[in-house]
Amino acid sequence: MIIIGNFLVEFLLIHPFQDGNGRLSRVLTNLLLLKCGYEYAPYVSHERIIEDNKADYYIALRKSQKTMRSRKPDISSWLELFLSVIHKQANLAIQLLSKENVDKLLSPKQIVIWKYLQGVDEVSTGEISKKTNVAQPTVKQVLNKLLVLKKIERVGLGRTTRYRKI
């Protein structure tokens with residue numbers, strides 16, 4: 001996290017583009033978080049948290065950037081803000097990914113599949129497709145999403161693969 005925070009403050013100091021540096025830094029934040037294994041990043045936007053704390057964001061950024069080219073660079077105010085934003089993002093993701101809120105992450109077709117899975121012990125993709133009237137490729141896509149969210153588990157491999165709710 002500290003390396004990501006340091007990269008961002010330096011990137012924003014360099015200001016490589018005429019416009020869009022802030023937006024690009026937030027996209028890079030998501031990419032770096034994902035690369036480091038923080039899989040919650042796509043589910044909750046840290047941009048919203050930054051927007052809600054815009055004044056503090058710019059104060060911390062400017063305060064740290066003023067020291068970057070001095071003999072004693074100090075980015076502690078930036079890191080403190082950055083880490084608090086990421087902490088809030090993680091907490092919001094935990095709340096969102098809880099069992100009660102899984103519906104907020106799913107489209108209407110995905111919800112149909114999720115609700116069907118709650119009423120069965122184990123089921124195949126073909127069975128889900130027949131019972132829900134959702135095409136098998138869509139069923140597979142939804143199952144993959146639910147696997148990532150750790151809401152279901154895969155049982156078996158190949159043609160005999162079945163899925164069940166955790």
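Two aromatic rings from Phe, Tyr or Trp count as a pair if their centres lie within 6.5 Å. Keep that in mind for the opening close-ups of this predicted model.

**Figure 1. Y57, Y58, W78 and F82 gather into one aromatic cluster.** By the pairing rule, the count comes to five aromatic pairs. One of them joins Y57 and W78, whose ring centres sit 5.5 Å apart with 70° between the planes, an edge-to-face arrangement. This pair ties together distant parts of the chain: Y57 belongs to helix α4 (residues 54–67), W78 belongs to helix α5 (residues 76–96), and the two are 21 residues apart. Is Y57 buried or exposed? With a relative accessibility of 4%, Y57 counts as buried. W78 is buried too, at 3% relative accessible area.

**Figure 2. W78 and F82 stack their rings.** Here the planes meet at 20° and the centres are 6.1 Å apart. Planes under 30 degrees apart count as stacked, so this pair gets that label. Both residues sit in helix α5, four residues apart, which means about one helical turn separates W78 from F82. F82 is also tucked away: its relative accessibility is 5%, so F82 counts as buried.

**Figure 3. Helix α2 packs against helix α5.** Two packed helices are described by the angle between their axes and the distance between the axes. For α2 (residues 21–35) and α5, the angle is about 65° and the axes are 13 Å apart. The crossing of α2 past α5 is right-handed. Which residues make the contact? From α2 come T29, N30 and L33, and from α5 come F82, I86 and Q89. Sorted by class, the residues of this contact are three nonpolar, three polar and no charged.

**Figure 4. Helices α7 and α8 cross each other.** Helix α7 (residues 125–132) and α8 have axes that come within 9 Å and cross at roughly 115°. That angle makes α7 roughly perpendicular to α8. As for handedness, α7 and α8 make a right-handed crossing. On the α7 side, the residues involved are T125, G126, I128 and S129, and they meet Q136, V139, K140 and L143 of α8. What classes do these residues fall into? The contact of α7 with α8 has three nonpolar, four polar and one charged residues.

**Figure 5. V139 is buried in the model.** This valine lies in helix α8 (residues 136–148). Its relative accessible area is 0%, so V139 counts as buried. Who are its contacts, once neighbours within four places in sequence are left aside? V139 touches I113, T125, I128, S129 and V134. L157 comes 18 residues away from V139 along the chain, and their C-alpha atoms are 16 Å apart.

**Figure 6. F17 sits in a loop.** You'll find F17 in the loop between α1 (2–14) and α2. Its relative accessible area is 43%, so F17 is partly exposed. Setting aside neighbours within four places in sequence, F17 is in contact with F11 and L24.

Methods
Residues are numbered from 1 along each chain as its sequence is written. This is a predicted model: local features need pLDDT of at least 70, side-chain atom pairs count only at pLDDT 80 or more; totals for chains, interfaces and linings use all residues. Side-chain values use heavy atoms; hydrogens and water are left out. Rings of Phe, Tyr and Trp (its six-membered ring) pair if their centres lie within 6.5 Å; planes under 30 degrees apart count as stacked, over 60 as edge-to-face and the rest as tilted. Buried means under 20% relative accessible area, exposed over 50%, partly exposed in between (1.4 Å probe, protein chains only). Axes are lines fitted to C-alpha atoms, for helices over the stretch in contact, and angles run from 0 to 180 degrees between N-to-C directions. A crossing is left-handed if the near helix is turned anticlockwise from the far one by less than a right angle, and right-handed if clockwise. Contact means heavy atoms within 4.5 Å. Ala, Val, Leu, Ile, Met, Phe, Trp, Tyr, Cys and Pro count as nonpolar, Asp, Glu, Lys and Arg as charged, and the others, Gly among them, as polar. Angles under 35 degrees count as roughly parallel, over 145 as roughly antiparallel, 65 to 115 as roughly perpendicular and the rest as oblique.
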